[in-house]
Amino acid sequence: MRLIPLNNEQQVSRWAARHIADRINHFKPTAERPFVLGLPTGSTPLKTYQELIKLNQAGEVSFKHVVTFNMDEYVGIDPQAPQGFGAFLKRSLYDRVPLKQVHLFDCQAA
């Protein structure tokens with residue numbers, strides 16, 4: 001285990017976003033070999049997503065060949081409900097970076 005001493009939420013978010021971006025860049029994803037990223041929801045990763053958006057806008061990471069999977073969802077919620085985790089990720093990340101393959105749970109599955 002590696003200990004990385006950071007002092008506040010902003011430092012943690014920047015470190016996490018940079019780590020994700022570095023992993024994507026090192027992997028060198030292509031259409032045939034995309035980078036797969038599982039995304040949680042809630043307040044904890046929100047600032048990391050904001051930092052990833054900044055890195056994308058600065059040209060430091062591309063999401064062109066990144067495939068995402070939503071890790072959370074409410075059962076039985078309307079897929080368009082603003083309280084849903086899919087809607088949360090759409091507002092927090094998907095509307096701001098060019099992702100072509102986004103996988104969400106079917107919250108109304110039997």
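**View A. Phe-27 is partly exposed, with a relative accessible area of 27%.** Partly exposed lies between buried, under 20% relative accessible area, and exposed, over 50%, with a 1.4 Å probe and protein chains only. The model is predicted: local features need pLDDT of at least 70, side-chain atom pairs count only at pLDDT 80 or more, and totals for chains, interfaces and linings use all residues. Residues are numbered from 1 along each chain as its sequence is written, and side-chain values use heavy atoms, without hydrogens and water. The charged end of Arg-33 sits over the Phe-27 ring, 3.9 Å from its centre (CZ of Arg or NZ of Lys within 6 Å of the ring centre and within 35 degrees of the ring normal).

**View B. Phe-27 and Phe-35 form an edge-to-face aromatic pair.** The whole structure holds 2 aromatic pairs (ring centres of Phe, Tyr or the six-membered ring of Trp within 6.5 Å; planes under 30 degrees apart are stacked, over 60 edge-to-face, the rest tilted). For Phe-27 and Phe-35 the centres are 5.5 Å apart, with 75 degrees between the planes. Phe-35 is buried at 13% relative accessibility.

**View C. Tyr-74 and Phe-85 form a stacked aromatic pair.** Their centres are 4.6 Å apart and their planes 20 degrees. Tyr-74 is in the loop between strand E2 (66–70) and helix H3 (85–94), and Phe-85, 11 residues away, is in helix H3. Helices (H or I, at least four residues) and strands (E, at least two) are DSSP runs, numbered from the N terminus. Tyr-74 is partly exposed at 42%, whereas Phe-85 is buried at 18%.
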